[in-house]
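Here is a short briefing on a protein chain. The sequence and the structure come first, then the notes by topic.

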Amino acid sequence: MNQMRFRPRNGRFLAAAAENVVSVFDVETQACRHSLQGHTKQIHSVCWNPSGDLLASVSEDSVRVWNINGDGELVHDLSCSGSKFHSCVFHPSYASLLVIGCYQSLELWNMTENKTMTLSAHDGLIASLAMSTATGLVASASHDKMVKLWK
C-alpha cells in the first residue's frame, strides 16, 4: 500500500492505494466496498473531502475524484498539464476546489468549472498537503525543506 486515509467524521471507511488501484474498505465488516480503477500509473496520494462523500486519488499523470456514497463512480478526471502530480487535499473553505501538489507548484482545480490555476510554490516536489477546516488554511511540505501556509 502506498497511502491510506480514513473517511472523515465516522471513520467507517478506509481508502488504501496500491499500485494504480484504490480500495475502499468497510472497517466494521472488513469487506472491500469499492475497487476504484482507472489510473495508468502508481497512485501517490488519496484524500477525502470534509463531508466524506468524495475521494480523490492522484498519480503522476492524472487526478480522479470518486463518489463514494453510490457505486464508487468517477465524477471528475484531470490529466496532467506538464506538472507532475504528487499530493492532494480538498480546500477547507471551497468544496469544489482540489489543491494538487506538483513539482515546484500547486495546481488549484475548480472541479465545477473544470478549470485549473497554477501557483509557483516551492523549489522542490510538494510531497504532502494538509488542510484545516477550523482555520481555512492549507499547508504544503516540500523536498525543499520548507512548509508553507496558504489561505
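Strand 5 pairs with strand 6 (residues 54-59) in the antiparallel sense, over five bridges. Ser 45 has Val 58 of strand 6 as its bridge partner. Strands here are DSSP runs (E) of at least two residues, numbered from the N terminus. Two strands count as paired if DSSP finds at least two bridges between them.

This is a predicted model: local features need pLDDT of at least 70, side-chain atom pairs count only at pLDDT 80 or more, and totals for chains, interfaces and linings use all residues. Residues are numbered from 1 along each chain as its sequence is written, and side-chain values use heavy atoms, with hydrogens and water left out.

- Four strands make an open sheet in the order 5-6-7-8, and the pairing is antiparallel.
- Strand 5 (43-48) and strand 8 (73-79) are at the edges with a single partner strand each, so one side of each has no neighbour in the sheet.
- Neighbouring strands of this sheet are turned by 15° against each other on average, direction ignored. Such angles are taken between N-to-C directions, from 0 to 180 degrees, with axes as lines fitted to C-alpha atoms.

- Strand 1 is joined to strand 2 (residues 13-18) by four bridges, and the two run antiparallel.
- Gln 3 stands opposite Ala 17 in strand 2.

**Ser 23**

- Ser 23 sits in strand 3 (residues 21-26).
- Is Ser 23 buried or exposed? Ser 23 is buried, with a relative accessible area of 14%. Buried means under 20% relative accessible area, exposed over 50%, and partly exposed in between, using a 1.4 Å probe and protein chains only.
- Leaving aside neighbours within four places in sequence, Ser 23 is in contact with Leu 14, Ala 15, Ala 16, Cys 32 and His 34. Contact means heavy atoms within 4.5 Å.

**Nonpolar cores**

- A nonpolar core is a set of buried Ala, Val, Leu, Ile, Met, Phe, Trp, Tyr and Cys residues joined through side-chain atoms within 4.5 Å.
- The largest core has 15 residues, and Val 63, Val 65, Phe 90, Leu 98, Ile 100 and Trp 109 have the most contacts inside it.
- Strand 6, strand 7 (62-67), strand 9 (87-90) and strand 10 (97-101) each give two or more residues to this core.
- Strand 6 supplies the largest share of this core, three residues.
- Another core lies apart from it, with 12 residues, among them Ala 15, Val 22, Trp 66 and Ile 68.
- Beyond neighbours within four places in sequence, the contacts of Leu 98 include Cys 47, Ala 56, Val 63, Cys 88, Phe 90 and Met 111.

- Strand 10 and strand 11 (residues 103-110) run antiparallel and are joined by five bridges.
- Ile 100 stands opposite Glu 107 in strand 11.
- The hairpin from strand 10 to strand 11 passes through one residue.
- Seven bridges pair strand 11 with strand 12 (residues 115-131) in the antiparallel sense.
- Ser 105 has Ser 120 of strand 12 as its bridge partner.
- The hairpin of strand 11 and strand 12 has four residues between the strands, and Asn 114 in this hairpin takes a positive phi near 55°.
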